[in-house]
Amino acid sequence: MPGSFRIGSIAGIDIYVHISWLIILVFLTISLANGWFPTLSPGYPTSTYLLLGFVAAILLFVSVLLHELAHSLVARSRGLPVKNIVLFIFGGVSNIEQEPHSPGTEFFMAFVGPLVSLIIGAVCFGLLTLVRGTHSPTEDLLTYLASANILLGIFNLLPGFPLDGGRVLRSIVWKITGNAYRATQVATIVGQVIAYLFIFAGIWLFFFSRDPFDGIWLGFIGWFLLSSAQSARAQATLETTFKGVTVAQVMNAQPMTVPANISLQKLVDEHFLPQGLRSALVLQGDQLAGLITLSDIRHVAREEWPQTPVGFAMIPVDRIHTVTSQQKLTDALPLMTGKDVNQLPVVDNGKLVGVVTRDAIIRSLQVRQGLGLEEQKQRV
Ligand SMILES: [Zn+2]
């Protein structure tokens, strides 16, 4: 996620915090200090409420982090590579680079997150019995953490994708029908229904509750769930449509290339301007050396264009994703999503054999759907 910074790593998994998390940290601190804690135990000075609110907010995010770590560690133990964990405005997300290969793995991986939240909640309730009636800040904190984690666990178990419960539902449908695509459709449709319920509840609260902020917040969560469910559904369609298709079947075998030793001036005058290019692959002999884009050229001052070789300004090959011609297209797709990558060079044994672009994939998708090729029943 752009706008995230790394705060450390746990068990070899990098932990990132997105700037939106800082906003929610401030918001949660203030709202706890103004509402929850004064209602729970009145009579403290404002500074104590603020401190309590801040500590509670931090501990809540530690709880969220433990929930995500549970997902990530199970994923890794099942052989799925974990890229990182990002904490952001709506909680946390584990970036796991592959989808689970079996319903059992998916079930276990999804269920363990809410389970950890429920366990943290139960432990806090247990600790609470030791300090109950002391009317101390510790009691207030434990009360908050216990209820927040139980709520978190229950919320995440709602059976709509992208919530953990949606993944649990997907794994069950997958197990019963043996069809991963059908399972995703069921889980994402239920996910969209739940998202709309959140949005409607948010609108209702906005107009009819004392605190319109609750409604706005609920509406935002609904909107986030809706867009996640929709994109997961689109992704599943993409993967089904392209099942069994290799990179070679979609790539352009005559990609636009330029030699590494010409100047940026020559590149602009003879290639980019006349042909309306936005990027070109850079060759050294027949070996792929890198990729040059408009923004790489812009980073060099214009008066230096005549003296600067393309090879100097380009993104070198070790910093761009490449695929091989026999790779499955569905494995190449994740390399193009999320980041600003519009094309992937196709390289066999160091030699450039083609390029696969976003446009070509979309065209191929439309043709395949037009022919009804995505309807094929598939057993996974
Ligand atoms: Zn989760």
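A polar contact is a pair of N or O atoms within 3.5 Å; within protein, one must be able to donate a hydrogen and the other to accept it, and residues adjacent in sequence count only if both atoms are side-chain atoms. The legends below describe a predicted model.

**View 1. The two assigned domains of the protein chain.** The domain assignment places residues 4-241 in domain 1 and residues 247-375 in domain 2. Taken over C-alpha atoms, the centres of domain 1 and domain 2 are 38 Å apart.

**View 2. The contact between domain 1 and domain 2.** On the side of domain 1, 6 residues are in contact with 7 residues of domain 2. About 670 Å² is buried between the two domains, and carbon and sulfur atoms give 71% of this area. Leu238, Glu239 and Thr241 are the residues of domain 1 that lose the most area to domain 2; together they account for 66% of what the domain 1 side buries.

**View 3. Polar and charged pairing across the boundary between the domains.** No residue pairs in polar contact are counted between domain 1 and domain 2, where both residues must be at pLDDT 80 or more. The count of salt bridges between domain 1 and domain 2 is likewise 0. Helix H7 (residues 212-241) supplies 5 residues to the side of domain 1 that touches domain 2, the largest share of that side. Sorted by class, the side of domain 1 that touches domain 2 has 1 nonpolar, 3 polar and 2 charged residues.

View 4. His67 lies in helix H2 (residues 46-77).

**View 5. The cis peptide bond between Phe161 and Pro162.** Phe161 and Pro162 are joined by a cis peptide bond, with omega about 10°. Pro162 belongs to the loop between helix H4 (137-156) and helix H5 (164-177).

**View 6. The backbone at Ala11.** Ala11 is a residue other than glycine with a positive phi, near 50°. The loop that holds Ala11 runs between strand S1 (4-10) and strand S2 (13-18).

Methods:
Residues are numbered from 1 along each chain as its sequence is written. This is a predicted model: local features need pLDDT of at least 70, side-chain atom pairs count only at pLDDT 80 or more; totals for chains, interfaces and linings use all residues. Side-chain values use heavy atoms; hydrogens and water are left out. Domain bounds come from an automatic or database domain assignment. Contact means heavy atoms within 4.5 Å. Buried area is the accessible area (1.4 Å probe) that two parts lose on being put together, summed over both. A salt bridge is a side-chain nitrogen of Lys or Arg within 4 Å of a carboxyl oxygen of Asp or Glu. Helices (H or I, at least four residues) and strands (E, at least two) are DSSP runs, numbered from the N terminus. Ala, Val, Leu, Ile, Met, Phe, Trp, Tyr, Cys and Pro count as nonpolar, Asp, Glu, Lys and Arg as charged, and the others, Gly among them, as polar.
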